[in-house]
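Here are my notes on the model. Please read them with the structure open.

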Amino acid sequence: MREDVGQPRIVIEERGGGAGSFLLGVLVGAGLALLLAPRSGRETQREIRGFVTGRVDAVRGAVDTRVEQARTAVDEGRSAAAQARAELQRRVQEAKASYRGGQRPEPPRAPALQLAVSSPPVQEVVITEVTTEPDVGDLAGGEVR
């Protein structure tokens, strides 16, 4: 009894003479392409070159813009960090001087940094009283379960 009963069979067929048919197809295709082409090869190359050059220039311009934006942001960040460091060093020196002189140091103040990014003014909210109410169920007037 055979062991491969119920197993799929794979049949491989080999044909000879494929190279001649392939070369004939290549020659016929090249001949048709030359006869039916709407423009010459030089014109096509010129058009492709112009398209590629235009795309490369556009991408290069966009990259240059992004690089300049990143440089500006880094420079602004460095400037803000330098200002914050100078303010911190000044406060440390003041605290050391007041400690050595026996004076009580002032409470710390928020640093007055000027950043290039503007933000809306912050409104102060003071909570004076907190109350809780029992859950009355659905707000639309449904039953309490």
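How much accessible surface does the protein chain have, and what share of it belongs to carbon and sulfur atoms?

1. Surface. The accessible surface of the protein chain is about 14,600 Å². Carbon and sulfur atoms account for 57% of that area. Keep in mind throughout that this is a predicted model.

2. Fold and burial. The protein chain contains two helices and zero strands. It runs to 145 residues, and buried residues make up 1% of them. Helix α2 spans residues 41–100. The pairs discussed below lie in this helix.

3. Salt bridges overall. The count comes to four salt bridges. Side chains of opposite charge can pair when their charged atoms come close. The cut-off applied here is a Lys or Arg side-chain nitrogen within 4 Å of an Asp or Glu carboxyl oxygen.

4. D57 and R60. These two residues form a salt bridge, with 3.8 Å between the closest N and O atoms. The pair counts because the limit is 4 Å. Both residues sit in helix α2, three residues apart, which is about one turn of the helix. D57 has 44% relative accessibility and counts as partly exposed. R60, at 48%, is also partly exposed.

5. E87 and R90. Here the closest N and O atoms of the salt bridge are 2.4 Å apart. E87 has a relative accessible area of 21%. Buried means under 20%, so E87 is classed as partly exposed. R90 is partly exposed as well, at 30% relative accessibility.

6. E94 and R90. Which residue meets E94 in a salt bridge? The partner is R90, with an N to O distance of 2.3 Å. E94 and R90 are four residues apart in helix α2, again about one turn. E94 counts as partly exposed because its relative accessibility is 43%.

7. The network. R90 pairs with E87 and also with E94. Which residues make up the linked set? E87, R90, R91 and E94 are joined in a network of salt bridges. When inspecting the model, view these four side chains together. Then turn to D57 and R60, whose salt bridge has its closest N and O atoms 3.8 Å apart.

Note on methods. Residues are numbered from 1 along each chain as its sequence is written. This is a predicted model: local features need pLDDT of at least 70, side-chain atom pairs count only at pLDDT 80 or more; totals for chains, interfaces and linings use all residues. Side-chain values use heavy atoms; hydrogens and water are left out. Buried means under 20% relative accessible area, exposed over 50%, partly exposed in between (1.4 Å probe, protein chains only). Accessible areas come from the Shrake-Rupley method with a 1.4 Å probe; for residues, only the protein chains shown count as cover.
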